[in-house]
Each structure stands twice: as structure tokens, then as C-alpha cells.
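Thanks for coming. I will go through the side-chain contacts, starting with a term I need for the rings and then turning to the charges.

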Amino acid sequence: MTKTIGLICGSLRKDSYNRIIAESLTKLDDSAQYRWIEINSLPFFNEDLEVDGAPEPVASFRGAIEDVDGVIIVSPEYNSGIPGVLKNALDWASRPRTSSVLNRKPVGLIGATPGGFGTAFAQMQTKEILEAMQVNVLPFQKMLISQVHEKIDAHQKVLTDEQTKRYLQRYLQQFIHWIDQVPVSVLD
């Protein structure tokens, strides 16, 4: 059965390097379907906004996550950490705690930066947050893209580096294959 993968970009910038990388995923493996899950219209997390049910942008965001087999988060690193907009989105997705749409959902992490260390610090923080939410994060795999500005054509908004394409394709194939192996409960 064809898997549907949700793509979340942790950057709101229109010409984000990470959005270009996420878009390239859709062209590297056609064995899955891809859906963008946007975070730009989410309000700041505030429990008071849930009194009468989730605000419409939050309900749509949660519904989009619920409707996919797995999620790949492609995010930059800001000041050695997770972007605030991504943390805000994860906070909304974590509610309600006992039945979060991300609970036990397969999630992969990819990050790109012009810097030399990839997005290692942001991915560690994101993984810690996701594990606290009881999300299944693809184990033993890291996809850190450093010097991304040298690996894309910013005008065409495409990934041009063949080695990075191969690494992304392998990561994506491992993620798609892993979805069927993810236990839905720790008791499985």
C-alpha cells in the first residue's frame, strides 16, 4: 500500500533552504505520496485558546497529521536550537496528551544549514521533545546537511548536489520501509 508522508518545514521563510530540501524529497521517491503540513497560521500555544475546542488552524494542522502514515520534519537550526515556530507547532500537536495526533506516529528528522555542523543541536532538541510526546522517531539515522547554500540552486529552488540527493533518497527509503515496522504500543 502506498504510504502518505506529511512534510513539515520548520522555517517560515518563503525561500527557505529547508523548504527546498523538503520539496526535493517529493521528487526523489515516487513510491509514496507527500502532503505539506503547514505551520505558518498556528497561533502561539495558549491553553486558554482550547476552552471552546481547538482554533481552526490548530484543528486543521492536527487533522493533517492524523491523515498521514508518517511525518518528516525538515528544519533549520536557529542559535544552536529548534526554531520557535516548530516548537510551537509541536506543542499544539501534543494536545491532548493522552490522544495526541503524534502519539506513536513515525517521524523522521532532516535539517539543512549554511553552517558546518548541520543541524545536530536542533535535531537533538527536537528528538528529545518528540520522545517526551511519545513519538516514534526514526532510530539510528541522521540527515544533517551542512553548507546547504552550496548544494542548491537558490534561483531555481532545487537541490543540485548529487551526493546529497543520494543520501536523502536513502534516508527517505529507510523511513518509508520503517513505517510498517513501528510498534503502535510499547507492549507490542
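Buried here means under 20% relative accessible area, exposed means over 50%, and partly exposed is what lies in between. Please keep in mind that this is a predicted model.

By that cut-off W92 is buried, because its relative accessible area is 0%. F45 comes out as partly exposed, at 29% relative accessibility.

Now the rings. The structure holds 2 aromatic pairs. F45 and W92 make up one of them, an edge-to-face pair with 4.9 Å from centre to centre and 70° between the planes. F45 sits in the loop between β2 and α2, and W92 sits in helix α3, so this contact ties together parts that are 47 residues apart in sequence.

What is the geometry of the F175 and W178 pair? The ring centres are 6.0 Å apart and the planes are at 45°, so the pair is tilted. These two residues are 3 apart in helix α5, residues 162-179, which puts about one helical turn between them. Both F175 and W178 are buried.

On to the charges. Side chains of opposite charge can pair when their charged atoms come close. How many salt bridges does a search of the whole structure find? The search returns 9. I will show three of them.

In one of these, R19 pairs with E38, with the closest N and O atoms 2.9 Å apart. E38 is partly exposed, with a relative accessible area of 36%. R19 has another contact: its charged end sits over the ring of W36, 4.5 Å from the ring centre.

Next, E47 and R95 form a salt bridge, with 3.7 Å between the closest N and O atoms. This pair links distant parts of the chain, 48 residues apart: E47 is in the loop between β2 and α2, and R95 in the loop between α3 and β4. E47 is partly exposed at 49% relative accessible area, and R95 is partly exposed at 24%.

Last, K87 and D91 meet in a salt bridge of 2.6 Å, N to O. They are 4 residues apart in helix α3, separated by about one helical turn. K87 is partly exposed at 31%, as is D91 at 22%. Elsewhere, salt bridges with shared partners join E47, E50, R62 and R95 into one network.

Conventions
Residues are numbered from 1 along each chain as its sequence is written. This is a predicted model: local features need pLDDT of at least 70, side-chain atom pairs count only at pLDDT 80 or more; totals for chains, interfaces and linings use all residues. Side-chain values use heavy atoms; hydrogens and water are left out. A salt bridge is a side-chain nitrogen of Lys or Arg within 4 Å of a carboxyl oxygen of Asp or Glu. Buried means under 20% relative accessible area, exposed over 50%, partly exposed in between (1.4 Å probe, protein chains only). Rings of Phe, Tyr and Trp (its six-membered ring) pair if their centres lie within 6.5 Å; planes under 30 degrees apart count as stacked, over 60 as edge-to-face and the rest as tilted. A charge sits over a ring if NZ of Lys or CZ of Arg is within 6 Å of the ring centre and within 35 degrees of the ring normal.
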